[in-house]
Amino acid sequence: MSTSPDYRWLEEPLLQTPVQPRQQAAYGSGRGKQLAAGSHDPEAAVAAPLDGSWRLATEVFEEPPVQYKQSSLWDTTVNLTNAILGAGMLAFPRAYAGLGILGGGAMTVAVAVMTYASIAVMLRPTERTRKLTYAAVMEHEWGRWAGVAVRFSIVVGSAGFLVLYLIVLADLLVGSEDYSGIIPDLWPQLPDPLPWYLGRTAMLTWATLLVAPALCPKTLGGVAPISIFKIACSFLCKLPDIRLLPDPSFFGDGLWERLKNVVAVIPVIMTAFVCQMSIHPLVSDLRDYTPRRMRTAVGWSMVLSGTTYATIGVSGFMVFGRAVQGDVLSNLNIDDVAAIMGGNVGAAMAFVATVKVAMAISMVLSFPITIWPMREDIIEMLAHSLGSSTQLSPAAYYTLTYTSLLVIYLVAVVIQSAYSVVGIVGATCGTTMGFMFPGMLALRDPQGGAAYKAFGWGLLAAGTVLFAVGVTAS
């Protein structure tokens, strides 16, 4: 007779209530008052306010329970794809130039499969413990320190990526030291330097105001149309000697130099798929959740993301060849593109403008899904402090959202170049969220066999190497 536990309930909705209300509130995340009131989980109970001042604070902070429409399988797929596709796509052409089309494609597929497996690793303890945030799952499996580490990584990592998106957006509009912007390209008669209202600080201000309306949706279902548009714009960012196999000379002359440069290229692909911080918001928002439905969404998202990255990598390499830069935008100047197009300046201007505008729109539409997990962790911490639920009132929700955007704007103004800072953030927070924490969860899975444990150790080893390489390179 088998003694293994019965996991048939995992094919049922993750959280069941009589009317299957939306578990992730429109103005926050996690289990709201409805679930807390009927739950047998003592951790779901909401602490009562201690006095009148606390009661007033929670009344401002919370919203009465409301049933919201949850996301469909398609909504979940495109939102996860939006979370994956980011500024890292700009480095794919150079990675493909060095690894070759076959080598780069094989690496992209391998990392997509590994990301799918790591997310499956994360979902098992989520389904077993029915904890609905990354931090709660890690805290349950590894203790309070692990929950704190996850919250820190999500808040700092998400904020770092948003700072990068904002600076890239401003640079796309007016240019940087490495490439010209959309405005100087389209209006070359403008003076150099540009007027103050087109300066760096002013452009960051206009870029922030451009981003602000995209943060209005209060549900992940509302973010889904934004994600669809973002994916479409990412495909427009595709940029002719073609090499199918890796080119050793691309990485230098000596063996040590080549090895060092290869090691520097591979993390570009490995960290481009990091999206684990967005998984739990999507889990709690998926309508009629079952493991099979969630894994289907993750699988299709890996296909969409991998196809987009491969398209950009191959096309950028095909256009610019060995001259492609680490940031392909540096290659997008009208003179060089016109030379590739046989001297057709008009076609070159149209091509460069199309790619840069598509990339700028893509950066704007990255904000809603990237800020979501950061806001959720802040809400969770505030909820613990106030002794309230995590279902925010509209006033509290928008105050938190746009205060976060203001802080991100101020950091972007202060930092002259985000790439070195965000490189460190990606190497630390991105690596821990995408590799180390899932590896730790695999090691604690009571049903995991030897192969499962080996995969966990493999994720930890990959995370350690990427951590070391990323910090050293930054």
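A salt bridge is taken here as a side-chain nitrogen of Lys or Arg lying within 4 Å of a carboxyl oxygen of Asp or Glu. The structure is a predicted model, in which local features need pLDDT of at least 70 and side-chain atom pairs count only at pLDDT 80 or more, whereas totals for chains, interfaces and linings use all residues. Residues are numbered from 1 along each chain as its sequence is written, and side-chain values use heavy atoms, with hydrogens and water left out.

The secondary structure of the protein comes to 17 helices and 0 strands, where helices (H or I, at least four residues) and strands (E, at least two) are DSSP runs numbered from the N terminus. Of the 474 residues in the protein, 55% are buried; a residue is called buried under 20% relative accessible area, exposed over 50%, and partly exposed in between, with a 1.4 Å probe and protein chains only. The protein exposes about 20000 Å², of which carbon and sulfur atoms supply 67%, the accessible areas coming from the Shrake-Rupley method with a 1.4 Å probe and, for residues, with only the protein chains shown counting as cover.

In soluble globular proteins, nonpolar side chains tend to be buried together. The largest nonpolar core of this model has 127 residues, and those with the most contacts inside it are Leu166 and Met294; such a core is a set of buried Ala, Val, Leu, Ile, Met, Phe, Trp, Tyr and Cys residues joined through side-chain atoms within 4.5 Å. Helix H6 (residues 144-174) gives the most to this core, with 17 residues. When its neighbours within four places in sequence are left aside, Met294 is in contact (heavy atoms within 4.5 Å) with Thr76, Leu123, Ile279, Leu282, Val283, Leu286 and Tyr289.

The structure holds 7 salt bridges. In one of them, Glu141 pairs with Arg128, and the closest N and O atoms are 2.8 Å apart. Since Glu141 lies in helix H5 and Arg128 in helix H4 (residues 92-129), this pair ties together parts that are 13 residues apart in sequence. Glu141 is buried, with a relative accessible area of 10%, whereas Arg128, at 22%, counts as partly exposed. Both residues also belong to a network of salt bridges that links Arg124, Arg128, Glu141 and Asp445.

Arg151 takes part in a salt bridge with Glu139, with the closest N and O atoms 3.8 Å apart. Because Arg151 lies in helix H6 and Glu139 in helix H5, the pair ties together parts that are 12 residues apart in sequence. Arg151 also forms a salt bridge with Glu380, where the corresponding separation is 3.4 Å. Both Arg151 and Glu380 are buried, while Glu139 counts as partly exposed at 31% relative accessibility.

Leu209, which is found in helix H8 (residues 200-211), counts as exposed because its relative accessibility is 55%.
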